[in-house]
Every structure is written in structure tokens, then in C-alpha cells.
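Colleague: I'd like a close look at one part of this model. Pick a single side chain and walk me through its surroundings.

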Amino acid sequence: MALHTVLFYGNQAPAFADAALIRRTVFLQEQGFSEDFDATDAVAWHAVMYEDQTPLATGRLFSESQQV
């Protein structure tokens, strides 16, 4: 088992697809949110944690002044 984290800025990096998959599963399907993606994704730092090649967790970081 190898854990690693990928950090990236914005929503155009290849790893954003893995972040989106986790967010859809957790927030939309499991918790019933109607919307989880917004313009802030384009100006936030994102992280995806992997076990080997499997995405396990994600998060995003932005300041209030960056929020769109």
C-alpha cells in the first residue's frame, strides 16, 4: 500500500476528475446535495489523496477573496 497526495491549482488538472468523482459520490449521492461544483473550483487549490492509484479523499482550499 502506497499513499500519496497530488496538489494542484484550478479545475483543469487531470487529477480534478478524481476529485470530482469523490465529491459527486460523497456530496451528491450520499449526502443528497443538489450542487457541489461552482466557479470557485477554478481558483482554488485542490488535493487528492491516493492509495496506490485509487483516489481516497479530496479537499479544496481558497480564501474568501478568491471565492467566486
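Modeller: Start with a polar contact. The side chains of Arg 23 and Asp 41 meet at 2.8 Å. Keep in mind that this is a predicted model.

Where does Arg 23 sit? It belongs to helix H1. That helix spans residues 16-30 and lies across E1, E2 and E3. Its direction is at about 90° to E3.

Now the sheet under discussion. It is open, with three strands in the order E1-E2-E3 and antiparallel pairing. Strand E1 (3-9) and strand E3 (54-61) are the edge strands, and each pairs on one side only. From one strand to the next, the twist averages 20°.

Take E2 and E3 next. Strand E2 covers residues 45-51, and seven bridges join it to E3. The two run antiparallel. Within this pairing, His 46 stands opposite Arg 60 in E3.

Back to Arg 23. Leaving out residues up to four places away in sequence, Arg 23 touches both His 46 and Arg 60. Thr 58 is also on that list of contacts.

Is Arg 23 buried or exposed? It counts as buried, because its relative accessibility is 6% and the cut-off for buried is under 20%.

To put it together: Arg 23 is a buried residue in helix H1.

Note on methods:
Residues are numbered from 1 along each chain as its sequence is written. This is a predicted model: local features need pLDDT of at least 70, side-chain atom pairs count only at pLDDT 80 or more; totals for chains, interfaces and linings use all residues. Side-chain values use heavy atoms; hydrogens and water are left out. Two strands pair if DSSP finds at least two bridges between them. Helices (H or I, at least four residues) and strands (E, at least two) are DSSP runs, numbered from the N terminus. Axes are lines fitted to C-alpha atoms, for helices over the stretch in contact, and angles run from 0 to 180 degrees between N-to-C directions. Contact means heavy atoms within 4.5 Å. Buried means under 20% relative accessible area, exposed over 50%, partly exposed in between (1.4 Å probe, protein chains only). A polar contact is a pair of N or O atoms within 3.5 Å; within protein, one must be able to donate a hydrogen and the other to accept it, and residues adjacent in sequence count only if both atoms are side-chain atoms.
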